[in-house]
Amino acid sequence: MTCPKVPCAVVSTLRGIPQAELDTWLLHHLGKCCFSQVYFFFDDPAEAVTSKDVLSMWGSQVVSIEVDERLQEEYKTCHRFDALQPRLSEDWVARQELHVELAMRRAALNGCEWLLHIDLDELFLLPKGVTAPEHFASVPPARNAVAYLNHEGVPEIDADCRSQHETKLATNRFETISLFRRNPHCFAEGCGLDELLLGERDVEGNISQRCGRSAWQRQ
């Protein structure tokens with residue numbers, strides 16, 4: 001029996017990401033997880049140019065958006081603009097909020113039903129053999145958002161080859177880190193995913209949102 005699937009996308013804001021690391025990130029999310037689209041907001045517009053060779057391999061699946069004056073005008077159409085406007089110039093997280101809302105609009109127009117927000121130093125991991133379209137198809141229709149816990153990567157540096165290891169970390173952290181610190185919420189009693197979603201809201205992790213719904217929900 002064929003598993004149901006829904007088209008889904010990823011949004012991320014980036015600055016100063018090594019090309020090798022960017023390549024690994026794209027290969028994982030577009031090639032392995034089978035997301036339909038990636039929306040990159042380049043906080044430094046010049047990096048959209050220097051990253052063209054890596055991005056061009058994925059064609060129209062990668063949408064590059066430069067954080068320039070034109071985008072800053074588009075910020076004004078966002079629901080959260082008035083609240084965030086005083087902090088936009090110096091607050092990375094404030095800009096991320098608006099980028100998620102803008103990406104959600106674009107994803108909905110491109111036929112995507114879900115949008116995942118993660119950073120460029122994070123990978124979205126699924127059970128073996130499961131793709132992102134299959135995963136999001138399994139989310140109950142009544143649920144408009146899903147939270148995911150972060151597991152922090154911990155570099156292991158061998159004293160005998162410290163210089164070599166630090167060089168690898170600087171070029172592609174995904175190729176050098178294999179040890180992870182589990183999120184503390186994994187050890188909390190009575191804190192399954194449903195409890196985290198319906199109760200505590202300041203869980204350290206990432207959010208995916210159904211496209212076409214309000215970008216920011218408060219409970």
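The model is predicted: local features need pLDDT of at least 70, side-chain atom pairs count only at pLDDT 80 or more, and totals for chains, interfaces and linings use all residues. Residues are numbered from 1 along each chain as its sequence is written, and side-chain values use heavy atoms, with hydrogens and water left out. Helices (H or I, at least four residues) and strands (E, at least two) are DSSP runs, numbered from the N terminus.

- Strand 2 covers residues 37-42, and six of its six residues are buried, so it is largely enclosed by the rest of the structure. Buried means under 20% relative accessible area, exposed over 50%, and partly exposed in between (1.4 Å probe, protein chains only).
- Q37, Y39 and F41 point one way from the strand, while V38, F40 and F42 point the other way. Both sets are buried.
- Strand 1 (residues 8-14) pairs with strand 2 in the parallel sense, over six bridges. Pairing requires that DSSP finds at least two bridges between two strands.
- F40 in strand 2 is the bridge partner of S12.
- Strand 3 (residues 62-66) runs parallel to strand 2, joined to it by five bridges. Here I65 of strand 3 stands opposite F41.
- A right-handed β-α-β unit is made by strand 1, helix 1 and strand 2. Right-handed means that, with the strands pointing away from the viewer, the path from the first strand over the helix to the second runs clockwise.

**Nonpolar cores**

- The largest nonpolar core has 30 residues. Such a core is a set of buried Ala, Val, Leu, Ile, Met, Phe, Trp, Tyr and Cys residues joined through side-chain atoms within 4.5 Å.
- L22, W25, L26, F35, F40, F124 and F136 have the most contacts inside this core.
- At least two residues of this core come from each of strand 1, helix 1, strand 2, helix 3 (52-56), strand 4 (114-117), helix 7 (132-137) and strand 5 (145-149). Helix 1 gives the most, with four residues.
- A second, separate core has 21 residues, including V11, F41, Y75 and C112.
- L26 touches G31, V38, F40, V54, L55, W58 and V62, not counting residues up to four places away in sequence. Contact means heavy atoms within 4.5 Å.

**E21 in helix 1**

- E21 lies in helix 1 (residues 19-32). Its relative accessible area is 1%, so E21 is buried.
- The side chains of E21 and R173 are joined by a polar contact of 2.4 Å. A polar contact is a pair of N or O atoms within 3.5 Å; within protein, one must be able to donate a hydrogen and the other to accept it, and residues adjacent in sequence count only if both atoms are side-chain atoms.
- Leaving out residues up to four places away in sequence, E21 touches L120, T171, N172, R173 and F174.
- E21 and E175 are 154 residues apart in sequence, yet 8.4 Å apart in space, C-alpha to C-alpha.

**Helix 6**

- Helix 6 has 18 residues (92-109) and should span 26 Å at 1.5 Å a residue; its end C-alpha atoms are 26 Å apart, which agrees. The expected span is 1.5 Å times one less than the number of residues.
- At the start of the helix, a side-chain oxygen of D91 reaches to within 3.0 Å of the backbone nitrogen of V93.
- E97 is in helix 6. E97 counts as buried because its relative accessibility is 16%.
- The side chains of E97 and R80 make a polar contact of 3.1 Å.
- G111 follows helix 6, with a positive phi near 90°.
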